[in-house]
Amino acid sequence: CFTCTKVMFCSYKCRKAAMNSYHKYECKLVDLFLASGMSIICFLAYRSITQKSLQWFKENRSKFDDHDEKSGQSKNQQEVYESSDYRNYFNLVSHHSERKTGDMFHRAMFTIFLVRCLKSQGYFPKSEDKVLSEDENYIGGLIYHFLEVLQFNAHEVAQFEMMSKKSADGAKSTYIGAAVYPTLALFNHSCDPSIVRYYVEDYVVVQAIKNIFKGEEICENYGPIFFHSAKDDRKSRLKKQYWFECQCVACKENWPTMHEMTQDVLNFRCHTCGDVVPFHTSSNMPQLKCGCGVNINLFKGLKDLSDTEMLAESANTELKGNNLEKAQALYTDYLKKLDAVIAPPYPDYYKIQQNIWKCIWMRFGNRCMIASQRKPIIPGDDEYDTVD
């Protein structure tokens, strides 16, 4: 930036776009925003306004007449659902009717603060000091609404930090900011998600991370993953921030965390009905019977599992050699072969997923090289403006 020292841009193009739109309303206020202690949700709500002109909001007032939380859910919808359409952003769930007085007062105070910030930077051409104009009331109403919407629909933005350009050792996804993607926000949560997301420039991309069976819901993850966090912790965090009781399979069946998983019990798949039958590895039984009456041949299943060991070694070798495309293909094939025989949870399944995730980030995602490990920035509950 030509004026402030708090903001840097990745390119001349991005700087030009910022200076011609939102940054002129933020540049002199960055220190104030940081000192105020406001959450990243407030930054996003403010940016939701500053990246468009007042004239644009006045010309598109009809987009914000009615809050329709069911928008985008119907198969009968004629219009294409696009993330860039502010109407789709506006219509995301806000749970306004469930909010307590203290919560609404808290957001109203921040709304007034942000409107006054806009006034101070000339966003409103004709503005009086002590009186809110019709335009200022209108924009204030939008800011308040966005503050409610963003609590449940904002996503963190990350980049992949690597110690070496040709190795996944020590590499990790690091939180660098937040954004709202109305299409991505339509996915429900699971503590055992079907997809992972990564970032390419300013786009978010999702990719399947496991086999998704016909009729199965495609879910993403809102933060807590079952193999990292215990059920009670996950449910508590989701209830506090997103206001729902998680009913995913991992929660219903109380799946173990990674360090609690063992190979003592394997869940063999029935190829007739798709159900699973647990097998204790200490047992001497040569066959299992599914609830549908079909016998499961254990010897064949165990042989199929042993045949995947060479595939696992090949995938690990390709990853270490930085042959990422080949490694990803091998890990994917490995996962499919395992999935045809046994069902999760078991340790190898999630180790394979982690390696596929690394391959995806290293091949396609935003990444940077760092000289040494640094303490990660982890968004806490207060970053998402949760109010009891």
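User: Before we start, what makes two strands count as paired?
Analyst: Two strands pair if DSSP finds at least two bridges between them. The model here is predicted.

User: How do you know that β5 and strand β6 pair?
Analyst: Five bridges join β5 to β6 (residues 276-280). At least two are needed, so β5 and β6 are paired. They run antiparallel. Within β6, V277 is the bridge partner of F268.

User: What makes β5 and strand β9 a pair?
Analyst: β5 and β9 (residues 342-343) share two bridges, in the antiparallel sense. The cut-off is at least two, so the pair qualifies.

User: Why is strand β5 called largely enclosed?
Analyst: Of the five residues in β5 (residues 265-269), four are buried, so the rest of the structure largely encloses the strand. Buried means under 20% relative accessible area.

User: Why is E201 called exposed?
Analyst: The relative accessible area of E201 is 64%. Exposed means over 50%, so E201 is exposed. E201 sits in the loop between β3 (195-200) and β4 (203-208).

User: Why is N254 called partly exposed?
Analyst: N254 has a relative accessible area of 47%. Buried is under 20% and exposed is over 50%, with partly exposed in between. N254 is therefore partly exposed. The loop between α9 (249-252) and β5 holds N254.

User: What makes the phi values of E201 and N254 worth a remark?
Analyst: Most residues other than glycine have a negative phi. E201 has a positive phi near 55 degrees. N254 has a positive phi of about 50 degrees.

Definitions and conventions. Residues numbered from 1 in each chain as written. Predicted model: local features only at pLDDT ≥ 70, side-chain atom pairs only at ≥ 80, totals over all residues. Heavy atoms only, no water. Buried < 20%, exposed > 50% of the residue type's maximum accessible area, 1.4 Å probe, protein only.
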